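Welcome! Keep the structure open beside the text as you read.

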Amino acid sequence: MKSIKWNRDLSVGNAAIDEEHKKLISYLNDLYVACHAGQGPSVLRQTLCSLQRYTHEHFSHEEDAMHNMGYPGLADHRAQHGELMDKLDALIEEFDAGADHELSNKTLLFLADWLIQHIEAEDKKIGVFIGASN
Ligand SMILES: [Fe+2]
Ligand SMILES: [Fe+2]
């Protein structure tokens with residue numbers, strides 16, 4: 001896979017959320033760089049843990065924002081975030097059992113795909129809701 005870049009098509013129409021998505025993508029690219037630079041298992045694991053920490057932070061902020069604006073799809077959206085956090089826990093367990101480039105690549109592909117799809121299909125609905133309620 002290639003590194004991913006944030007572009008306007010990914011904008012959800014909320015500056016704070018967009019900034020966090022850019023940061024999330026940069027954490028993902030850190031993993032991409034670590035993987036392609038041939039870094040060892042401990043660096044790969046550490047990079048994935050940083051990504052997990054930031055993802056957790058971002059999801060909390062996004063859920064708080066949805067809660068504060070009375071967003072009707074919060075429960076469903078929260079459940080999707082929860083599923084990804086569970087998946088990240090499982091991936092880190094796999095990394096513990098031995099991180100290699102194949103696992104890193106698989107992880108990168110999965111996360112990049114999940115993130116882009118989630119932003120486009122779900123996070124954008126938050127921006128539409130904000131627009132409609134203004
Ligand atoms: Fe989200
Ligand atoms: Fe998000």
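## The core and its helices

In the largest nonpolar core there are 15 residues, and the ones with the most contacts inside it are L28, L31, C35, L44 and L48. The largest share, six residues, comes from α1. There is also a second, separate core of five residues, which includes V12, I17, I119 and I126.

Before going further, please keep in mind that this is a predicted model. The protein averages a pLDDT of 92, and 99% of the residues score at least 70. Confidence is lowest in α4, with a mean of 91, and highest in α3, at 96.

## How the helices pair up

| Helix pair | Axes come within | Crossing angle |
|---|---|---|
| α1 and α2 | 9 Å | roughly 170° |
| α1 and α4 | 10 Å | roughly 170° |
| α3 and α4 | 12 Å | roughly 175° |

What do these angles say about direction? An angle over 145 degrees counts as roughly antiparallel. With a crossing angle of roughly 170°, α1 is therefore roughly antiparallel to α2. The angle between α1 and α4 is also given as roughly 170°, so α1 and α4 are roughly antiparallel to each other. For α3 and α4 the angle is roughly 175°, and these two helices are therefore roughly antiparallel as well.

Now look at the residues that make each contact. Between α1 and α2, the α1 side is made of I17, E20, K23, L24, Y27, L28, D30, L31, A34 and C35. They meet V43, L44, T47, L48, S50, L51, Y54, T55, H58, H61 and E62 in α2.

Where α1 meets α4, the residues of α1 are I17, H21, L24, L28, L31, Y32 and C35.

The contact between α3 and α4 is made by H77, Q80, L84, L91, E94 and F95 of α3, together with L103, T107, W114, H118 and E122 of α4.

## A closer look at α2 and α3

Helix α2 has 28 residues and reaches 41 Å from its first C-alpha to its last, close to the 40 Å expected at 1.5 Å a residue. Its buried residues are L44, R45, T47, L48, L51, T55, E62 and M66. What covers them includes α1, α3 and α4. After α2 comes G70, whose phi is positive, near 70°.

Following α3 is G98, with a positive phi near 140°.

Start with L44, which lies in helix α2. Is L44 buried or exposed? A residue counts as buried if 20 or more other C-beta atoms lie within 10 Å of its own; L44 has 20 of them, so it is buried. L44 touches A34, C35, Q39, F95, A99 and S104, not counting residues up to four places away in sequence. L44 and H101 are 57 residues apart along the chain, and their C-alpha atoms are separated by 8.9 Å.

Next comes C35, one of the residues with the most contacts inside the largest core. Leaving out residues up to four places away in sequence, C35 touches L44, H101, S104, N105 and L108.

Finally, find I25 in helix α1. I25 has 19 other C-beta atoms within 10 Å, so it is partly exposed. I25 touches I4 and W6, again not counting residues up to four places away in sequence. From C-alpha to C-alpha, I25 and L115 are 8.5 Å apart in space, although 90 residues apart in sequence.

Notes. Residues numbered from 1 in each chain as written. Chains lettered and ligands numbered in written order. Predicted model: local features only at pLDDT ≥ 70, side-chain atom pairs only at ≥ 80, totals over all residues. Helix = DSSP H or I, 4+ residues; strand = E, 2+ residues; numbered from the N terminus. Core = buried A, V, L, I, M, F, W, Y, C linked by C-beta atoms within 7 Å. Buried ≥ 20, exposed ≤ 12 C-beta atoms within 10 Å, placed from the backbone. Contact = placed C-beta atoms within 7 Å. pLDDT = per-residue confidence, 0-100. Axes fitted to C-alpha atoms, helices over the stretch in contact; angles between N-to-C directions. Parallel < 35°, antiparallel > 145°, perpendicular 65-115°, else oblique. Expected span 1.5 Å × (residues − 1).
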